[in-house]
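Dear colleague,

I am handing over the structure below, and I would be grateful if you could look through it alongside the notes that follow.

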Amino acid sequence: LKAKRKAAKQARDVAAELLSLYAQRAARKGIKSPINDDLYQRFSLEFPFQETDDQLKVIEETLDDLASERPMDRVICGDVGFGKTEVALRAAFVAVHADHQVCLLVPTTLLAQQHHRTFTDRFPDWPIRIALLSRLKNRAENRETLSELSKATVDIVIGTHKLLSGDDKSSRLGLIIVDEEHRFSVRQKEQLKKLRAEVDMLTLTATPIPRTLNMTLGGLRDLSLITTPPVDRLSVKTFVGEWRDQSIRESVLRELRRGGQTYFVHN
């Protein structure tokens, strides 16, 4: 009974906090990021793949949010490899060219390194400074990155929850991109909630948690879906059944014969 009362109180506290947060967002004007059409078209043409219809629609929705005075809080849901990162890249490009700073938050060091490589490869000919905050860098380098974040001398910062621990946030900070929000701890999510009232938020996920879906269905957060696989990429098919060695063997061999890859996840 005591545990039940405690859980009920915590639920009421969370509901009150969410109500307060979104009341703040509704009362405030967002950070507008107008689009420079010429520069944006040049950047878009550098994308080495053909965008899918879903991807183009989600990019348009995201850019409309950035150009609006309403604070953005958009969740982009799509399978791995369906083009969510390109949406984030274009949003970051628009925000930086509107003289805003961008933070990309990821749950793991490995993912931070992957995103840093992707962003660096995508912006080679643009005067955009990108920094990485990683535990694989020494303490002095990470302190320097946090200092650059607060001084606004870097345009895009990519890192794990360490980005949330900075004492000062730049006044130029205009866009926060979060990859796989559900993998952050409760304490880290509390820090993210405070930031949502001040800047544009873009969340990328392949596996949204029920609370996130509930908030999108309730209209508190906007939801965009990328359901179409890129050209030459097959949709992911999921089968649930009893363990049969022969069936698994046949599935693996079929994938190998077509030149594909197999990941065997075991408990």
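Both Phe93 and Phe123 are buried, where buried means under 20% relative accessible area, exposed over 50% and partly exposed in between, with a 1.4 Å probe and protein chains only. Please keep in mind that this is a predicted model, in which local features need pLDDT of at least 70 and side-chain atom pairs count only at pLDDT 80 or more, while totals for chains, interfaces and linings use all residues. Residues are numbered from 1 along each chain as its sequence is written, and side-chain values use heavy atoms, with hydrogens and water left out.

The aromatic rings come next. A pair of aromatic rings is described by the distance of the centres and the angle of the planes. Rings of Phe, Tyr and Trp (for Trp, its six-membered ring) are paired here if their centres lie within 6.5 Å, and planes under 30 degrees apart count as stacked, over 60 as edge-to-face and the rest as tilted. By this rule there are eight aromatic pairs. One of them joins Phe93 and Phe123, which are stacked at 6.4 Å centre to centre with 5° between the planes. Phe93 lies in helix H4 and Phe123 in the loop between H5 and strand E3 (130-133), so the pair ties together parts that are 30 residues apart in sequence; helices (H or I, at least four residues) and strands (E, at least two) are DSSP runs, numbered from the N terminus. Phe123 also pairs with Phe119, in a tilted arrangement with 6.1 Å centre to centre and 45° between the planes. Phe119 is buried at a relative accessible area of 1%, and Phe123 counts as buried at 4%. Ring pairs link Phe43, Phe93, Phe119, Phe123 and Trp126 into a cluster. Arg122 lies over the face of Phe43, 4.0 Å from the ring centre, the rule being that NZ of Lys or CZ of Arg is within 6 Å of the ring centre and within 35 degrees of the ring normal.

As for helix H4 itself, 12 of its 14 residues are buried, so this helix is largely enclosed by the rest of the structure. Among the buried residues of H4 are Lys84, Glu86 and Arg90, as well as Phe93. The 14 residues of H4 should span 20 Å at 1.5 Å a residue, and its end C-alpha atoms are 20 Å apart, which agrees; the expected span is 1.5 Å times one less than the number of residues.

Two backbone angles deserve a look. Most residues other than glycine have a negative phi, and most peptide bonds are trans. Asp99, however, has a positive phi of about 70° although it is not a glycine, and Asp99 is found in the loop between H4 and strand E2 (101-105). Ala152 has a positive phi near 65° and sits in the loop between helix H6 (139-151) and E4. With 16% relative accessibility, Ala152 counts as buried.

Which residues lie nearest the centre of the second largest pocket? They are Val80, Gly81, Phe82, Thr85 and His115, out of 30 residues that line this pocket. Helix H4 (84-97) and helix H5 (109-122) are the elements that give two or more residues to its lining, with the largest share, seven residues, coming from H5. The volume of the second largest pocket is about 1,100 Å³. On a 1 Å grid over the protein atoms alone, a pocket is an open set of points with protein on both sides within 12 Å along at least five of seven lines, a cavity is a set where a 1.4 Å probe fits but cannot get out, and lining residues have an atom within 4 Å of a point. Grid points are joined across faces, edges and corners, and a volume is the space filled by probe spheres set on the points.

The structure also holds three cavities of 30 Å³ or more. The second largest cavity has about 50 Å³ of space, and its lining includes Val75, Glu181, His182 and Pro208.

Finally, two contacts across the sequence. Val157, in strand E4 (residues 156-159), is buried at 0% relative accessibility, and is 4.8 Å from Ala131, C-alpha to C-alpha, though 26 residues apart in sequence. Asp65, in helix H3 (residues 53-67), is buried with a relative accessible area of 9%; Asp65 and Leu202 are 137 residues apart in sequence and 10.0 Å apart in space, C-alpha to C-alpha.

With best regards
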